[in-house]
Amino acid sequence: MAADKRVDPKQVAKALRELEAAGTEIESAPKPAGGKKLANSAISDLEKGVHPAWDAWISWTKSW
Amino acid sequence: VQQQQIILKLAERCNINCTYCYYFNGNEHSYASRPATITSEAVDGLQYYISKTLAARHVDRIQVIFHGGEPLMVGRRRFGAICSALRDTASEDQLDLCLQTNATLIDDRWIDLLSKFDVKVCTSLDGTQEIHDRNRVDRKGNGTYWQTVRGIQLLLRAFEQGRLSSVACLSVIQPEFSGRDAYRHIAGLGFSQMDFLLPDLTHADFVGCAKDYGRFLIEVFDAWIEDDDPHIHIRLLKSIMSVLLGGRSYLAGFGTDLPNALTVRSDGAVELDDFLRMCGMDAVHTGVKISQLDSAQLFASEKMVSLRNVFNTRPQFCKNCLFVASCRGGQITHRFSQANGFRNQSVFCDGLFDLFQHVSKFLIRSGIPISRIPGIQCDQPQV
């Protein structure tokens, strides 16, 4: 793979359209999404700065 | 630096022979010229370094990760003596002891030791027997699943009894299998802390299809979402959610956090973060022994400055990507080639793109507007 290429703009634009469509879907026809507890947990972790279970450590890739 | 991780090579040999091992079956074979188990001088040097560094307040806490090879090959008696020496060097709130093990040697006597010195344990299991035995084999090529699971069951029982403070699982992704099966199996054994690792591959050795790795991780993600249990932590996926939402990564070298761990070899030689090893010995060599190490000097050294620059520079390839602010080009080692250094896109780029898009969709469908997900760079040229 050469170093001077770029991510395919068509792929990027398609992905963005899909994400925007997901946003429109939820606005126009809200329905209970799966994984609500996990989403809330991710937001709560963010507010706390780091996941408390990980004791404020950033773990090394090849261990925990 | 508030925290420092030291990867301590207790043993530079292993009792099994995983086909994908970056240490023994990778591009670099310096283990063969090192002592099989750590020398007393290296342990003394580490004690000296820890006490000096904490006293000078260069860091607040140090985490020593017992690593290998298989670190338990050092033997129970020496392992206990090393833990005891390290615990005598610093208080428990300043020093974490962790172990990365294949779990095949674990027995009740090992658990007594790990419990006595409050060693956090992380095991290696790739999934079901079929998945695990594909690559994690002994020297005769036989699968190690049952020896591993026997050790894991002892560790998890000790965790449930409160004798061990942490027992986690690392799994190397096998893209020919189902991510859902791997996740379900690991969670089913009783792990609540786990991660799925992209294999240690650079542009020199990557073959296959990056999208298959993305598909595997998306399957893990979907199964995890179905369970919807916030007590189950999948580090990479939690990190992706966090960096998309503008937070930090929980994983060194991925997203927001620099790989700044140090490796101490069995002879006391200090090297940079072990995961850079697949980019060649030049990438990690420092020429310093742990007893002589001045961490402030090392972190200001040309090599560390250059590593920080690499980490903070995105490849040109990523410039117009939706996820450049969160993915940041993936792990730097996955970008490496002899010809271009770290200036390539990740070998896993296509898979990471799919995964970031999938997780973003989940966040949006959970009710978070795209405008409040800073990890998505929306101002892309439309085609």
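Is B:Asp227 buried, exposed or partly exposed, and what is its relative accessibility? In this predicted model, B:Asp227 counts as partly exposed, at 34% relative accessibility.

## A salt bridge between two helices of chain B

B:Asp227 takes part in a salt bridge with B:Arg184, in which the closest N and O atoms are 2.9 Å apart. The pair links distant parts of the chain, since B:Arg184 belongs to helix H6 (residues 179-189) of chain B and B:Asp227 to helix H7 (residues 210-227) of chain B, the two residues being 43 residues apart. B:Arg184, with a relative accessibility of 32%, is likewise classed as partly exposed.

B:Arg265 sits in the loop between strand E8 (262-264) and strand E9 (269-272) of chain B, while B:Glu12 sits in the loop between strand E1 (3-9) and helix H1 (40-55) of chain B, so the pair ties together parts that are 253 residues apart in sequence. B:Arg265 is buried, its relative accessible area being 0%, and B:Glu12 also counts as buried, at 0% relative accessibility.

## The interface of chain A and chain B

In the contact between the chains, 48 residues of chain A meet 78 residues of chain B, and the two chains bury about 5700 Å² between them, of which 63% is on carbon and sulfur atoms. Eleven residue pairs are in polar contact across this interface, with both residues at pLDDT 80 or more. On the side of chain A that touches chain B, helix H1 (9-28) and helix H2 (36-48) of chain A each supply at least two residues, and the largest share, 15 residues, comes from H1(A). The residues of that side of chain A comprise 26 nonpolar, ten polar and twelve charged.

## Salt bridges between the chains

Over all chains the count comes to 24 salt bridges, and between chain A and chain B the count is two. One joins A:Glu18 to B:Lys361, with the closest N and O atoms 3.0 Å apart. Another is formed by B:Arg365 and A:Glu25, where the corresponding distance is 3.5 Å. B:Arg365 lies in helix H12 (residues 349-365) of chain B and A:Glu25 in helix H1 of chain A, so this pair joins two chains. B:Arg365 is partly exposed, with a relative accessible area of 35%, and A:Glu25 counts as partly exposed at 37% relative accessibility.

Key
Residues numbered from 1 in each chain as written. Chains lettered and ligands numbered in written order. Predicted model: local features only at pLDDT ≥ 70, side-chain atom pairs only at ≥ 80, totals over all residues. Heavy atoms only, no water. Contact = heavy atoms within 4.5 Å. Buried area = accessible area lost by both parts, 1.4 Å probe. Salt bridge = Lys/Arg side-chain N within 4 Å of Asp/Glu carboxyl O. Polar contact = N/O pair within 3.5 Å; in protein donor to acceptor, adjacent residues only side chain to side chain. Helix = DSSP H or I, 4+ residues; strand = E, 2+ residues; numbered from the N terminus. Nonpolar A, V, L, I, M, F, W, Y, C, P; charged D, E, K, R; others polar. Buried < 20%, exposed > 50% of the residue type's maximum accessible area, 1.4 Å probe, protein only.
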